Amino acid sequence: MLVLALDTATSYLVLGLPHAERAIRLGRRHAEVLWGELEAFLQQAGVGLRQLEGIAVGRGPGSYTGLRVGIAAGLGLARGLGVPVTGVETLEATALRYRGRVTVAHTTRNGLCYTASYQIEAARSETLQAPHRSRLDALQPTGLFVLDEPPSGRALAHLGIEALKAGHTLIEPLYL
């Protein structure tokens, strides 16, 4: 199944397919560059829009505006192409870059962070601590600690494939 993933929940624009990914640090300029980067990414990956069989959108946690940009883009693409869309967790896709016990945190502008912990084995994740908001200095990470890294575009796409195969076609933003 060829699923395009996009995530705008963090300061990165992340695009992914099962075989390709791109992450660009943008700060808060997602809406300005999303469409141009998406077009270039698909062209570089050798994939046409009509080949896509689904869209996966990072549902956060993350900034309100960032989430809205990604969700609106994902819904618009899916409806325009007539393909299903699903939401996937941004922190989980970040953790899937690693193996073993992983704690992921993304800092926010107000001095807090979004964080979660996972056990990663053979490209599968088990949630040890669900996403929540915390003070960065109060974190007690278990295992590898990953701070402010982008989610994996490939992991986002694979999570999207799993969700769509299971019939999950809802994007519910994860606001904390």
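1. Buried means under 20% relative accessible area, exposed over 50% and partly exposed in between, for a 1.4 Å probe and protein chains only. At 66% relative accessibility, Ala122 therefore counts as exposed. This residue belongs to the loop between β7 (112–121) and β8, where helices (H or I, at least four residues) and strands (E, at least two) are DSSP runs numbered from the N terminus. Ala122 has a positive phi of about 50° although it is not a glycine.

2. On the source: this is a predicted model, in which local features need pLDDT of at least 70 and side-chain atom pairs count only at pLDDT 80 or more, while totals for chains, interfaces and linings use all residues. Residues are numbered from 1 along each chain as its sequence is written, and side-chain values use heavy atoms, with hydrogens and water left out.

3. Ala123 also sits in the loop between β7 and β8. Its phi is near 60°, a positive value in a residue other than glycine. With a relative accessible area of 49%, Ala123 is partly exposed. A reader checking backbone geometry may look at Ala122, with phi of about 50°, together with Ala123.

4. Another backbone feature is the cis peptide bond that joins Gly60 and Pro61, with omega about 10°. Pro61 is placed in the loop between β4 and α2.

5. The largest nonpolar core holds 27 residues, and Leu4, Leu17, Leu52 and Ile55 touch the most other members. Here a nonpolar core is a set of buried Ala, Val, Leu, Ile, Met, Phe, Trp, Tyr and Cys residues joined through side-chain atoms within 4.5 Å. Two or more residues of this core come from each of β1 (3–7), β2 (12–17), α1 (30–45), β4 (54–58) and α2 (64–81). Apart from this core lies another, of 23 residues, with Val3, Ala5, Ala155 and Leu159 among them. In soluble globular proteins, nonpolar side chains tend to be buried together.

6. What does Ile55 touch, not counting residues up to four places away in sequence? Its partners are Val3, Leu4, Leu6, Gly74, Leu77, Ala78, Val83, Pro84, Val85, Thr86 and Leu164. Contact means heavy atoms within 4.5 Å.

7. An open sheet is formed by 4 strands in the order β8-β7-β6-β9, with mixed pairing. Two strands pair if DSSP finds at least two bridges between them. Because β8 (124–135) and β9 (144–147) stand at the edges, each with a single partner strand, one side of each is left without a neighbour in the sheet. From one strand to the next, the twist averages 20°; axes are lines fitted to C-alpha atoms, for helices over the stretch in contact, and angles run from 0 to 180 degrees between N-to-C directions. β6 and β9 pair in the parallel sense over 4 bridges, and Val102 stands opposite Leu144 in β9.

8. Two residues of this sheet can be described by their surroundings. Val104, in strand β6 (residues 100–107), counts as buried at 1% relative accessibility. Leaving aside neighbours within four places in sequence, Val104 is in contact with Leu91, Thr94, Ala95, Tyr114, Thr115, Ala116 and Val146. Its C-alpha atom is separated by 24 Å from that of His19, 85 residues apart along the chain. Ser134 lies in strand β8 and counts as buried at 15% relative accessibility. With neighbours within four places in sequence again set aside, Ser134 is in contact with Leu112, Cys113, Thr115 and Leu139.

9. Helix α4 (residues 153–165) has 13 residues and reaches 18 Å from its first C-alpha to its last, close to the expected 18 Å at 1.5 Å a residue. The expected span is 1.5 Å times one less than the number of residues. Buried residues in α4 are Gly153, Ala155, Leu156, Ala157, Leu159, Gly160, Ile161, Ala163 and Leu164. What covers the buried residues of α4 includes β1, β2, β3 (20–25), β4, β5 (85–88) and α3 (90–95).

10. At the start of α4, a side-chain oxygen of Ser152 reaches to within 3.4 Å of the backbone nitrogen of Arg154. Just after α4, Gly167 takes a positive phi of about 85°.

11. Ala72 is found in helix α2 and is partly exposed, with a relative accessible area of 49%. Ala72 and Gln140 are 68 residues apart in sequence and 35 Å apart in space, C-alpha to C-alpha.

Key
Polar contact = N/O pair within 3.5 Å; in protein donor to acceptor, adjacent residues only side chain to side chain.
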